[in-house]
Amino acid sequence: MKRTFAAAIVMAILCLVGSSAFAATIAKVTNCSGSIFFRDRNNVPYQKLDKGKSLAEGGWVKTGANGWIELTLIDNSRFTIANNSELELASLHVDRNKKEGVFNLTQGKLRSSVTKLSGQQTSYQVRSKTAVAGIKGTEFLMLSEGPANVFFGNEGTVKVSGQQEGSEPLPPGSMTQTTRGYRPIESVQVEPGTPIAEAKSAFEAATAAAPPEDWLASDNLPNILARWNVNYGHYLADSGKYEQALQVFQIALDLSKLADIRCDARLERGAVQGRFLSNPEAALAEYELIIEEYPSAPQAETALFYIGQVLYELSFKERATARFKEYRSKYPQGKHRGNVDTLLNLLDK
């Protein structure tokens, strides 16, 4: 009876502790700085993390506003995690012939340096909520910001995919990105002296062998990439790649919370929908969102004029007249005032 009772106590303790406490170690914190945390499994509170800590399958690491972590895996691969990031060590198996691993970056910035041995098959995946990077032995950078994902290739080739069918190779010196599970856009070369090269430099500094002294450039990285996307999407639209342009503008919207960038991206999306894809209803929706979300932004003036113009072209005369009169009331000296007066005269006739 006593043995049965003791066994029951042991089993209860094991259930409370959880199987993750007995999982094999797959990574170790070899360097760290700032506010950093870990947990042994999902849905439990985070605890303070120290250098030298061993982590098992199912473990998580998280960095604060000034946090930085270097993880060395059991195969000597290395993950460097910048500030405001969260990574799950979902699984890792390594033997003489192959190694397989799955890691989930729910938010933030990561540099992955995966070792590859001759004769050993490598199949690592770094996943976000909406994208997957397949790795066979390489170094690359990955940013996950909400539904948007940006990838820079340093060494080897990474296969990047979304939730839709198809993937995009990421050669060294190139960048690709996706959002909301869409197939990644065609990879582009990172040319020296360009804004995208500036963004990559900030990314590399945030995930270098030591943390940066100032995290300002790292924190601004999504906005730098978003502004580049607005310009790149405009180039794609001019090149006749309208669907890809719409996706790039959406990536800008998902990366940045800055009103100026978001308004410019919506103006561009509206122009593509209305002028090139013959979808005036979608164009109207983009312009209305600018006025609804950012009524005081400079772009709201142009959005209001475009709404009236689209309604006029659709022969919704009363609605167009109301919008043009609204424009004249709000912006008596506005830059579109001459066109508004001309269109109102036409509507009066």
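## A tour of helices and rings

Start by selecting helix 8, residues 317-330: its 14 residues reach 20 Å from the first C-alpha to the last, close to the 20 Å expected at 1.5 Å a residue. Keep in mind as you go that this is a predicted model.

Now show the side chains of Ala320, Thr321, Arg323, Phe324 and Tyr327, which are the buried residues in helix 8. They cover an arc of only 165 degrees around the axis, so they sit on the same side of helix 8. Turn to the face pointing away from that buried side and you will find Glu318, Arg319 and Ser329, which are exposed.

Two of the side chains you have just displayed lead to the next stop. Select Tyr287, Phe305, Tyr306, Phe324, Tyr327 and Tyr331 together: ring pairs link these residues into a cluster. Within this group, zoom in on Phe305 and Tyr306, both of which are buried.

From here, move to helix 3 (residues 216-238) and pick out Tyr232 and Tyr235. The structure holds 11 aromatic pairs. In this one the ring centres are 6.0 Å apart and the planes meet at 20 degrees, so the pair is stacked. The two tyrosines are 3 residues apart in helix 3, which means that about one helical turn separates them. Is Tyr232 buried or exposed? Tyr232 is buried, its relative accessible area being 13%. For another geometry, go back to Phe305 and Tyr306: their rings form a tilted pair, 5.9 Å centre to centre with 45 degrees between the planes.

Next, select helix 5, residues 259-276. This helix has 18 residues and spans 25 Å from first C-alpha to last, close to the 26 Å expected at 1.5 Å a residue. Colour its buried residues, among them Ile261, Cys263, Leu267 and Val272, and also Arg262, Arg266, Glu268 and Arg269. Step just past the end of helix 5 to Ser278, where phi is positive, at about 50 degrees.

For a last stop, select Arg39 and Trp60. Arg39 lies over the face of Trp60, 4.6 Å from the ring centre.

Definitions and conventions: Residues numbered from 1 in each chain as written. Predicted model: local features only at pLDDT ≥ 70, side-chain atom pairs only at ≥ 80, totals over all residues. Heavy atoms only, no water. Phe/Tyr/Trp six-rings, centres within 6.5 Å; stacked < 30°, edge-to-face > 60°. Helix = DSSP H or I, 4+ residues; strand = E, 2+ residues; numbered from the N terminus. Buried < 20%, exposed > 50% of the residue type's maximum accessible area, 1.4 Å probe, protein only. Lys NZ or Arg CZ within 6 Å of the ring centre and 35° of its normal. Expected span 1.5 Å × (residues − 1). Arc of directions from axis to C-beta.
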